[in-house]
Amino acid sequence: MDAENLRYLLEVARAGRLRDAAAHLQVDETTVSRRISRLEQELGVRMFDRTPQGWRITEPGRLLLPHAEAIESSVSRALEAVVSRPGVLSGTARILAPDGFGANVLMPGLRPLIEAHPGLGLELITATSHDLITARDFDVAVTLERPAPRAAAVAHLADYELRFYASRDYLERHGAPASLEALRDDHDLIWYVDALLDVAPLRILEELLPRARARLQTNNITGHHSAARAGLGVALLPTYIGATDPSLVGVLPEQLRIRRTYWLVVPRDLTELLRVREITAALHALVAAHPHLETRALTRPATPPA
């Protein structure tokens, strides 16, 4: 079996589409298809079902994935050992994060890491979606869901609060609600598109305001923030967004405060990589210094000491 074909297996499994895998591998689609076909011939089993919606990995292919990932991480460690100088990082690391955290906390806080390691490239992918984590196509992830620790090192990163916010203009036109019932019945709510929200810790609108219906729905927190700023309604936002925006006012701040947790996740076969250790250390330092994020005492890092 040609081990190089396993790299193609990984990319197609992660991308789900031949075109996307080819783009990431920087080859043409014919090369990817030929590599997968060769792997299937070598092993005598089908790795993917080809469908109009994409390439779906079969059970034999799924069983092969952990071994392909182990080879990939071994190659990464070998390259790091040979190419990187002591204290100097190179290569590219992929970080996954929810929309709000990625855009409002992580991106503004990356400067120290980037300046300390000019040879390190970063890919930051932001989305509030369960599927990104299950694909395991990342070096470090920040998640709202605590994944099972079977194949990943998981550590608490930070707690944060959610509160309702609206623009001053909106409250001048509609008045400030005096109760949760008034907020539900008399105001325009901004929330996620229910059919697209698959992250359990955020499926909370019905719990907070039973029988409430959001008038404006969008699939990311940046949209919620923009809509609230535009005076379109009342949005439930992390305090690290709402409390730092002078155009927004807290709504019923003493009656409703929701706490949620961010988890730091690293695939176990990547925990020994120097770039992963440096990134996780930078994340812990970033949240520890943030005024609207709370860390817990005795929190252990997601990666072992060097």
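**Two loop residues and a helix pair**

Arginine 211 is located in the loop that joins helix H10 (205-208) to strand S8 (216-217). In this predicted model, the phi angle of arginine 211 is near 70°, a positive value in a residue other than glycine. Most residues other than glycine have a negative phi. Arginine 211 is exposed, its relative accessible area being 62%.

A positive phi also occurs at leucine 252, where the angle is near 50°. Leucine 252 belongs to the loop between strand S10 (248-251) and strand S11 (258-267). The relative accessible area of leucine 252 is 10%, so this residue counts as buried, the limit for that class being under 20%.

Helix H1 (residues 4-15) packs with helix H3 (residues 29-43) at an angle of about 115°, and the two axes are 9 Å apart. H1 is therefore roughly perpendicular to H3. The crossing of H1 past H3 is left-handed. On the H1 side, the contact is formed by Glu4, Asn5, Leu6, Tyr8, Leu9 and Val12; H3 contributes Thr31, Val32, Arg35, Ile36, Arg38, Leu39 and Glu42. By residue class, the contact of H1 with H3 comprises seven nonpolar, two polar and four charged residues.

Confidence in the prediction was also examined. The chain has a mean pLDDT of 86, with 89% of its residues at 70 or more. Over residues 298-306, pLDDT stays under 50, and the model has 20 contacts beyond four places in sequence for this stretch. Where pLDDT is low, predicted coordinates should not be read in detail.

Note on methods:
Residues are numbered from 1 along each chain as its sequence is written. This is a predicted model: local features need pLDDT of at least 70, side-chain atom pairs count only at pLDDT 80 or more; totals for chains, interfaces and linings use all residues. Side-chain values use heavy atoms; hydrogens and water are left out. pLDDT is the predictor's confidence in each residue, from 0 to 100. Contact means heavy atoms within 4.5 Å. Axes are lines fitted to C-alpha atoms, for helices over the stretch in contact, and angles run from 0 to 180 degrees between N-to-C directions. Helices (H or I, at least four residues) and strands (E, at least two) are DSSP runs, numbered from the N terminus. Angles under 35 degrees count as roughly parallel, over 145 as roughly antiparallel, 65 to 115 as roughly perpendicular and the rest as oblique. A crossing is left-handed if the near helix is turned anticlockwise from the far one by less than a right angle, and right-handed if clockwise. Ala, Val, Leu, Ile, Met, Phe, Trp, Tyr, Cys and Pro count as nonpolar, Asp, Glu, Lys and Arg as charged, and the others, Gly among them, as polar. Buried means under 20% relative accessible area, exposed over 50%, partly exposed in between (1.4 Å probe, protein chains only).
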